[in-house]
Structures are given as structure tokens and as C-alpha cells.
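Notebook open. Today I am looking at how two chains meet.

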Amino acid sequence: MKYKASRITLLLMVIPFILLVFAFNYIPLFGWIYAFYDYKPGIPLSQTEFVGLKFFKWAIEEKEDLLRVLTNTLALSFLSILASPLSVIFAILLNELRSKKFQKLVQTLTTLPNFISWIIVYSLAFFMFSSGGLVNEVLMRLGWIDEPTTVMGNAAATWWFQTAITIWKSLGWGAIIYLAAIAGIDQELYDAAKVDGAGRFQRIMAITVPGIMPTFFVLLLLNVASVLSNGASGFEQNFVFYNSLVADRIEALDYYVYRVGITTGEISFGTAIGIAKSLISILLLFLMNALSKKVRGHSVF
Amino acid sequence: MKLPARRPRLAILMTVMLTVLTGCGDAGEKAMKQQNARTETEDAALTTGKEPVTLKVQLSSVGNDFENTEVYNEIERLTGVKMNIEMYDEQKFKVELAGGDLPDIIQVPNKNMKELIEGGNIIPLDDLIKTNGPELQQPLYEKSLDYMRTFWSDNTNKLYMIPVQIGSSDFGFEQQVGFNVRWDYYKELGYPKIESIDDMVNVLAEMVEKHGTTKDGKKVYGVSMWNDWGTWGIRSMGLITGNGMYNVNTQQLVNDYTNAEHSSIWDTALFLYKAQQKGILDPDAFTAKYNDIVAKASEGTLISSIATWPFTRANAELLKEGPDKGFVTIPLEWGFTNVGGTSVSGWSDRAFAISANCKYPERAMDLINFLVSEQGSRLIGSGIEGVHWDYVDSKPVLKQATVALASAGGDDWKKTGIGMIANQQGLSDYSKLSDGGIVNLFNTPEVFATKLNSLNKDYVEHYGVKYPAEAYKRLVEQGKVKTLANIPQDVLSAMPSQPDDIKRIQTKVDELLVKGMPVVVLGSENDDAFKANRQELIDKLIEAGANTYFDWFKREYEQSRARLANR
């Protein structure tokens with residue numbers, strides 16, 4: 001009886017969160033209905049024409065735009081996934097630092113950028129990389145270049161530049177979770193390895209890396225599921241760094257949905273693309289989960 | 001809710017008593033006192049017996065920094081309506097419209113007129129002006145309200161909107177939009193004549209050659225542009241040349257996208273390309289946002305712009321360095337300057353409407369009635385009677401202290417709130433009111449003369465005029481420069497909102513244009529390559545429907561013109 005009561009308490013504690021998830025993640029799904037109507041803001045849905053799959057067909061007709069946007073989304077996400085081991089390496093290196101004070105200092109400094117809003121990041125980038133920016137000024141004064149570089153307006157460099165900014169912003173933050181995972185590894189394993197004569201690098205490769213792999217894979221899996229939202233940064237990064245010179249290489253799916261939905265006012269079309277994106281993301285998550293189960297014998301769900 | 005303050009009544013009583021006690025010395029004084037009595041009676045009529053309310057108002061180009069200014073407080077005192085101001089933002093507006101959360105009073109963006117009326121988001125005002133719009137029933141507004149019913153009503157023939165800034169317009173103190181350069185540099189070059197886009201670029205190139213770096217060694221550029229105002233930047237040269245969809249030079253409609261010779265778009269492209277060829281185009285010209293341009297202007301790395309606005313801060317600093325240092329608009333003896341004209345429809349995207357969410361539509365109408373009235377317009381443009389201006393010999397005249405305050409600028413001036421809500425002013429600055437004066441008492445040659453700083457003085461002396469804008473005015477009078485008076489503003493304003501397919505085409509064409517322009521400007525090595533690249537982009541624009549868009553525009557323009565003529 002006592003056991004049952006504690007179970008009910010636990011359940012009651014969870015209910016508010018379930019309600020929150022329901023309110024903010026499921027109720028908005030009713031908004032999907034707009035994709036099937038020729039909706040104009042200001043005119044009630046009841047007075048709006050039902051058009052079925054018209055806007056999904058449109059999406060197919062606008063395949064050139066969609067293809068470009070998808071390529072950018074996937075490229076940016078792929079590069080950010082490719083960069084995800086950097087947080088692992090960084091966490092391991094931090095962990096290996098002898099001076100705890102210095103470790104905390106580095107960790108704090110690298111975590112800070114995560115809390116800087118994207119508009120400030122843009123201003124910083126403009127201050128650093130614009131034609132009259134710090135980088136150009138230093139390089140020109142050193143006589144290394146004659147004309148200023150314009151990385152923010154260089155289409156060819158866009159994917160790399162954006163990835164570099166994402167890494168700068170998220171490296172320290174991403175390392176926190178791995179530092180926690182490392183802290184969870186049994187210290188006796190290290191002691192035993194030491195006794196067996198394992199060097200520092202060997203201990204890292206034989207104990208630390210395998211110890212944090214499950215965490216890495218869970219995060220990787222979640223990253224893959226959000227591949228169409230181009231990684232952690234997504235819309236805001238896209239929004240602030242967008243300009244006509246790099247437009248064709250930077251515009252990702254979320255920004256496109258915003259542009260057609262809010263800026264142009266094609267709310268129905270934007271919603272249709274949003275739906276397609278959600279469905280593909282769910283499909284990707286299941287695929288990666290199945291793959292993980294098959295290859296590693298583990299899965300998230 | 002509290003009852004309204006009774007101060008106005010007391011004020012009238014005191015005025016009447018003073019008049020009785022002191023008697024009337026001369027005719028001028030009598031007229032002045034009668035005037036006072038008249039306006040204060042009106043004040044009382046506006047407030048008597050009405051409870052104070054707070055209304056949420058969405059205003060164009062005005063934020064809540066206007067709140068608690070003297071003009072703001074006076075509006076509240078005279079109407080009993082407190083404005084809770086929200087500045088218009090296109091995206092916020094769209095979201096509010098979609099969610100049914102529009103504020104009590106809005107200023108209608110013309111392109112959203114149809115949804116607002118069709119969806120019942122704004123209410124008809126025909127009955128309300130009968131009960132709460134006494135000023136709007138004056139003959140002065142008859143034509144404008146008739147225009148609103150015919151063209152801005154989604155064919156319902158009802159009155160949904162109250163226009164602002166109706167009447168005639170003229171030059172102010174100085175022209176802010178135009179070819180802005182450093183005056184001392186221009187003087188140094190011997191005031192060269194500028195007769196074309198080529199000349200503009202050449203003058204800038206010479207300036208950069210002489211002043212290629214800032215004091216702290218940063219490279220100076222001649223030309224740049226901001227890119228965060230939609231396609232404003234890439235059409236901006238039309239504000240100088242007069243080319244655009246309605247071409248003031250030919251007085252005809254021109255396809256701005258495809259007509260390379262008479263287009264604001266291709267004029268801008270040519271200007272940027274020539275600048276690039278001379279090596280004076282800022283590498284950030286296609287990435288910079290407005291604030292970036294302001295930063296460049298302030299640190300001295302940019303020496304021209306299409307408007308004085310980015311140089312406001314720079315000008316204040318430069319004036320400390322020398323009496324003739326600063327940025328000014330050079331009057332060119334050709335093209336266009338963005339001023340003038342008379343409009344029945346008033347300013348586009350600014351007409352007032354009351355949303356269906358408003359719980360106090362009568363009070364909202366009271367407020368609108370006041371803002372567009374003679375009294376309201378004068379208050380917005382010139383400040384409070386007795387405080388900022390007064391009647392001298394029965395003529396309304398600004399007080400010297402007000403002029404001094406305006407010239408000094410800063411927080412004390414801002415606190416007055418004068419001129420801050422010109423976008424909500426019913427009658428245009430130069431409209432003549434029943435007291436014989438114009439709405440904006442700052443717009444007189446006498447006041448202009450007191451506003452001149454050392455830079456202005458040097459400028460006006462060179463051109464032999466009394467105030468900076470007069471240099472333009474003279475050219476206009478000589479027929480050399482066109483103004484808004486050469487544009488059929490009321491016909492263009494009467495055009496209906498774009499249907500969905502046309503809207504989509506224009507979006508697509510603009511998108512291609514914004515992306516393609518850098519290729520034409522930066523990717524052309526010589527004039528032939530420029531022409532070829534330009535043609536290639538024009539072909540793409542045509543493929544995306546630029547001609548279909550223009551055909552629609554032309555058809556609707558002709559229809560609106562015919563409808564306007566037949567009224």
C-alpha cells in the first residue's frame with residue numbers, strides 16, 4: 001500500500017511537466033490545419049477556402065528553392081555534426097589539466113559564448129571580420145594583404161565560417177556534459193591501469209574514451225534528429241548573418257519557412273513546409289535509432 | 001476610473017475673467033484673446049463629461065519615447081485619452097493580425113487593407129464621425145474622406161480610415177535625401193559641377209584620393225549602402241535621378257526591373273559599379289545593415305550616402321573640428337528631390353483605423369479627431385500654445401526660447417515632443433489654418449535663419465540663399481529639378497492591394513534582384529561585362545514574371561486614374 005502511494009506521488013509530480021509538454025508541443029500541432037487552407041492573416045479560418053494539398057504541391061513546384069535550402073541545411077548540419085567530436089576532445093583535454101584553477105578559468109571562458117545572443121555575436125563578427133574590422137586592419141598593417149578580406153560576404157566560405165562560429169559558441173558548453181560523463185567513470189579503473197603501467201594517453205584511449213562513448217552517441221543521435229534545423233544554432237544564426245552575397249549558401253530550412261510564412265505572408269505554405277520538415281525529422285530519428293540498435297546493440301528508445 | 005480633471009474649464013473661466021477685467025486694449029490683442037477663448041472652449045468641449053481611458057495605439061515610426069513628453073501630456077489632457085504606444089513593426093503587425101490581437105487604434109499598411117476590412121478587423125467609422133468626429137465634418141476633410149470611401153474601403157464605400165498629412169507640402173530647413181558628401185571636401189575640389197552618375201562617382205573618387213585614410217589610419221570608402229530596408233537600398237538612386245516605376249522625368253510608367261535606361265534599380269547598379277571600378281566601393285556595401293553604415297559614417301570610413309541620417313552623429317562631432325566640416329546634401333541641377341506635392345489621400349500606410357478589439361470606439365474616435373484636427377496638427381508640429389508658441393499681432397509665432405531649444409537639441413528638446421509624431425499629424429506642415437498661420441511654425445524663413453550653424457552658413461553663402469533647402473527650391477522653381485508634385489500621388493495611392501499571384505511574383509523578382517545585384521556590380525570587369533551581366537539578370541527577372549507584374553501595375557494604375565478622374 002505504501003509502495004503504491006509513493007508511486008502515485010511520483011506520478012503526480014510528473015503530471016505538470018506532461019501538461020507543459022502537451023500545451024507547448026502538442027496543442028500547437030492544431031496549427032497544422034492552416035496548411036490545408038488558403039489562409040490570409042486577419043480573415044477567420046471559417047471564411048477561408050479549404051485547398052487540400054495545394055501548398056504541398058507548391059512545395060514540389062518550388063523544388064529549386066527547396067533543393068537549395070535543403071542543401072544548405074544538410075551541409076551546415078553535417079559540418080556541425082562533423083565538429084561534434086571537438087567537444088569530446090576539448091573535455092578530455094580540460095580534464096587532463098593539472099591546475100584546477102586554470103581548468104575552471106578555461107571552462108568558464110569557453111562556456112561564456114554560449115550565453116551571448118546571436119545579434120551580439122553578429123556585431124562581434126562584424127567588428128572583427130568586416131572590411132574595416134580588426135582582422136583586416138591587423139593583416140593589412142602587417143602587410144600580409146593589400147585588400148580587405150570579406151569573409152561575411154564570401155559565399156564560398158559561408159558554410160565553413162558559420163560552422164566556425166557555431167564551434168566557437170558551443171564548444172565549452174558542449175564539453176560540460178562530457179566532463180560530467182568523465183567524472184562518472186570509476187576512478188578505480190584509472191588506478192588499475194596505472195598499476196598495469198598505462199601511460200596518460202593510453203588511459204585516455206582505453207578508459208576515458210570508451211567511458212563517454214554512450215553519451216556521445218546519444219547526443220549524436222539527437223543531433224541527427226535535428227539535422228533539418230541545422231544543428232543547435234538554427235534560425236537565429238541564419239537570420240543575423242543573412243545577406244544578399246551569401247543568401248544562396250546560408251539560407252536554411254527554418255529561415256526559408258520564416259521568410260515565406262512571416263515576411264512574404266504565405267502562412268499556409270510556410271506551415272506546409274514546416275509539417276514536411278517535422279515528418280522527415282521524425283523519420284530520421286527512427287532510422288538512426290534503428291541503425292544504432294543494429295550496429296551497437298544499443299538504442300535510445 | 002477617475003473623472004477627468006476639470007482644469008480646462010477653470011482655464012476658460014480665468015481667460016474670460018482676464019478679458020473682462022483688463023478690457024481690450026487693441027484689435028490685435030482682442031483677436032488674440034478671442035483666439036485663446038476659442039481654442040480653450042474647444043478643449044473643454046473635447047474633454048467635458050468624459051472619463052479618462054487608456055488606449056493601445058500602434059503608431060508608425062513612433063515609439064514609447066514619445067510618452068510623457070509635453071505634447072503627449074497635452075494630447076491626454078485635451079482628449080482624456082492616454083495613449084499606450086506600440087511602434088509599428090511589419091512582422092509584429094502580421095502576427096497580431098493573424099492572432100486577432102490588434103491594438104485599439106492602428107495605422108493601416110495599405111497592402112493589408114483588404115484583409116483588415118474583409119475579416120472585420122477594423123470597424124466602419126461613418127456613424128462615429130457623426131457623433132465623435134466634429135473636426136472631420138469640416139469641409140476641409142470632405143474630399144479626403146470621400147477618397148477613403150471610394151479607394152480605401154475594399155469597394156464597400158464605407159469609411160474605414162482617416163488620413164494623415166493631407167494638404168500641400170514644401171521644403172523644410174534642409175533636404176535630407178540626396179547626394180550627401182563632406183562639404184569641406186567638396187569645397188576643396190572647387191565645387192565641381194555634377195551632371196551625371198559618372199560625375200558623382202568621380203567627385204567621390206577624388207575625395208577618397210585626397211583623404212584616403214582616417215586619422216587613425218583606417219581606409220576610407222566613397223560609396224556604401226544599407227541592406228536591411230528591403231529593396232530600398234538598391235532602388236535608392238532613384239531618389240536622386242527621379243527614375244522609378246513612375247518616372248518623373250518622362251512622366252510615364254516605366255518597368256523599373258527591366259528598363260535599364262530609366263530605372264532606379266539600374267541607376268543604383270551603375271553608381272555602385274562605377275564606384276567599384278574606381279576602387280571606392282565599400283566591400284561591405286552588400287552586407288552592411290543601417291546601423292553598420294551609421295558606425296562607418298561616425299568613424300569616418302564612409303564619405304557619402306543617399307541621406308543625411310547616418311551622418312547625424314558624425315556631423316555633431318565634425319562641427320567641433322571646424323566651422324565648415326560636416327555632411328550636406330549637394331543640390332544637383334537635374335533629377336529629383338523628395339519633397340512637395342499636394343495629397344488628398346495623405347501619407348500611405350499611415351491612415352488611422354479603429355480595430356474591432358477596441359472597447360471604447362467613441363473615445364478612440366475622439367483621439368483621432370483631435371490628432372487630425374487643426375488644433376491637433378498645430379500641437380504636433382509646433383507645440384503647446386502659450387508654452388512653445390503664441391499669438392503676436394494675432395498671428396501665431398514660435399517663441400524664441402522654443403527655437404533655441406530646437407537648435408540646441410538634446411534631451412530638453414526631446415522632452416517637448418514637438419515634431420515627434422509627424423506621421424500622425426492630420427494636416428501637412430504647410431497647410432494654412434483658420435488663424436492664418438501654417439501648421440508647422442518652424443517652417444518659416446525667419447525661423448530657418450535662426451537655425452543656421454557655421455556649416456549651414458558656409459553652404460547658404462556659397463549658393464546665395466537664406467537657408468539650405470532654398471538652394472533646391474530655386475532649382476525646382478527654375479524647372480531643373482522635379483519633386484513629388486510631378487508624381488500623381490493620389491492615383492498611385494488609389495491602386496488596390498496586390499492580388500496573391502502578383503504579390504508572389506514581386507517577392508520572387510525582388511529576391512532574384514537582391515541576390516543578382518552583387519554579381520552585376522562586383523562581377524563586371526568593364527562596361528561591356530556590366531551591360532552583359534545586367535541583361536542576364538534582367539532576363540532572369542523577366543522569366544520570373546517582371547513583365548507580368550508591370551502589366552498588372554500599369555493596368556491598375558490606368559484604372560485608378562480613370563476612376564479618380566470620373567469622380
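By buried area I mean the accessible area (1.4 Å probe) that two parts lose on being put together, summed over both. On that basis I get about 2800 Å² between chain A and chain B, with 50% of it on carbon and sulfur atoms. On the chain A side, A:Phe126, A:Ser244 and A:Leu245 lose the most area to chain B, together 18% of what that side buries.

A note on the source: this is a predicted model, where local features need pLDDT of at least 70 and side-chain atom pairs count only at pLDDT 80 or more, while totals for chains, interfaces and linings use all residues. Residues are numbered from 1 along each chain as its sequence is written, chains are lettered from A in the order in which they are written, and side-chain values use heavy atoms, with hydrogens and water left out.

Next I looked up contacts (heavy atoms within 4.5 Å). I find 40 residues of chain A touching 34 residues of chain B.

Then salt bridges (a side-chain nitrogen of Lys or Arg within 4 Å of a carboxyl oxygen of Asp or Glu). There are eight between chain A and chain B. I checked A:Glu266 with B:Arg504, where the closest N and O atoms are 2.8 Å apart.

Last, the helices (DSSP runs of H or I, at least four residues, numbered from the N terminus). I have the axes of α13(A) and α4(B), residues 90–99, coming within 10 Å and crossing at roughly 70 degrees; axes are lines fitted to C-alpha atoms over the stretch in contact, and angles run from 0 to 180 degrees between N-to-C directions. So α13(A) is roughly perpendicular to α4(B) (65 to 115 degrees). A:Tyr258, A:Ile262 and A:Thr263 make this contact with B:Glu90, B:Gln91, B:Lys94 and B:Val95.

Key: Helices (H or I, at least four residues) and strands (E, at least two) are DSSP runs, numbered from the N terminus. Angles under 35 degrees count as roughly parallel, over 145 as roughly antiparallel, 65 to 115 as roughly perpendicular and the rest as oblique.
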